Amino acid sequence: MFRGTVPLGHLGGVRLGAHWSVAVVVGLIAYLLASSILPAAAPGLASGWYWVAGVLTAACFMASLLAHELSHAVTARHHGVPVAGITLWMLGGAAELEGEPPDPRTDFLIAAAGPASSLLIGGVCWAAAAASSGVFPPIVVGSLLWLGLSNIALAVFNLLPGAPLDGGRLVRAAVWKRTGDRRRAVGAAAKAGQVLGTLLVVAGFTEVLLLAQFTGLWLALIGWFLIGAAAAERAHANVREQLADMPVRAIMSPDPVIAPGWLTVEAFLERIAFSARHRTFPVVSFEGAPIGVLSLSDLARLTPEQQLTTRVSDVCRTPPRVAIVPASTPLTDILTHHPLRPGADLLLVTDNATLAGVVSAQDVTRTVELAMLHHRERR
Ligand SMILES: [Zn+2]
């Protein structure tokens, strides 16, 4: 989803990742805790202790953020909505759903699960802090209390009613339920997100100007992000809608230059590759059935001798590394399930078991760009 994301492995079948900006945030939180919050809660300790507790507490906060996103993901999967993965980044986390919730109730439950888990974690930490006061050292109690309060704050912030926040999803579910029109609901939640974002930007700059508090910049930054994300969500929903009924046949390039599977690599290079202005080629059998994809970069590992003796069908990439789909497949399926790398991948489209055409990353990008322009004109 984001560039610069470090994979963190899998949990319950869900891919986890963290953007590098998370390290900055952990550092900032640890600094804030070690330099002012914990010394106030438990005065008189060596500064090293504040740093140890600060870093541990910041890490626990990130873990609770992950728990928030996992709650969205687990609820989504429980209701049959596939989840691609979870990414943590500077302004929180994001669970990437691979499909749309089928009905308003599911939409509501997936959105509510995150804030519910944050409230639960916050409540438990707060109760633990209250119960252990006088039993555990004050620095531990102070850390627990901070974790409790920040998780509750996280839940409250996420419940603000505007997309892409969880509160915006709740608005979407409610409007969807009332009107029965999902598209209208997406539009309403996105508009609310743009209004909310604008309010946060104004509030942030007011704080900076009137109170000389530079924390307002953080608020303004979050508001700025919300405005952009809400607008993108609106455009995205519109594009998906336009592409919803489009079959892959509509965007494929018909009659592509093919690489006959029975040719040797040398013959293919001489007769086809040098004159064709392409980097990737669909490979077909003698009967015309698609068998795989050959890209010029795949041939780099062959020596000139091997080029004389190797057949195209022996070096090309075949399923499952290449997708072969019927021409009637909905385009939105392709966007979700078969990401295409520019210059390396081709989607092979069949009609009655023979090759009808190919789809490249460029074909997909062009279609999405045209749909977005169309969206802009109609607004
Ligand atoms: Zn959430």
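How many of the residues of strand E7 (residues 280-284) are buried? The count is 5 of the 5, so E7 is largely enclosed by the rest of the structure. Buried here means under 20% relative accessible area, with exposed over 50% and partly exposed in between (1.4 Å probe, protein chains only); strands (E, at least two residues) and helices (H or I, at least four) are DSSP runs numbered from the N terminus. This is a predicted model, with local features needing pLDDT of at least 70 and side-chain atom pairs counting only at pLDDT 80 or more, while totals for chains, interfaces and linings use all residues. Residues are numbered from 1 along each chain as its sequence is written, and side-chain values use heavy atoms, with hydrogens and water left out.

Back to E7. In a regular strand, side chains alternate between the two faces of the sheet. Here Thr280, Pro282 and Val284 point one way and Phe281 and Val283 the other. Strands count as paired if DSSP finds at least two bridges between them. E7 runs parallel to strand E6 (residues 259-260), joined by 2 bridges, and antiparallel to strand E8 (residues 290-295), joined by 5. Val284 stands opposite Pro260 and also opposite Pro290 in E8. E7 and E8 make a hairpin with 5 residues between them, and Gly288 in the turn has a positive phi of about 90°.

Next, the metal. The zinc ion takes its protein donors from His68 (NE2), His72 (NE2) and two OD entries of Asp166, at 2.0 to 2.6 Å. Donors are N, O and S atoms within 2.8 Å of the metal (3.2 Å for Na, K and Ca), and sites may look incomplete because water is not among the atoms.

Asp107 pairs with Arg172, with the closest N and O atoms 2.6 Å apart. That pair links distant parts of the chain, from helix H3 (residues 104-132) to helix H5 (residues 166-179), 65 residues apart. Asp345 and Arg317 meet at 3.0 Å, N to O, and both are buried. Shared partners join Asp298, Arg317, Arg341 and Asp345 into one salt-bridge network.

Note on methods
A salt bridge is a side-chain nitrogen of Lys or Arg within 4 Å of a carboxyl oxygen of Asp or Glu.
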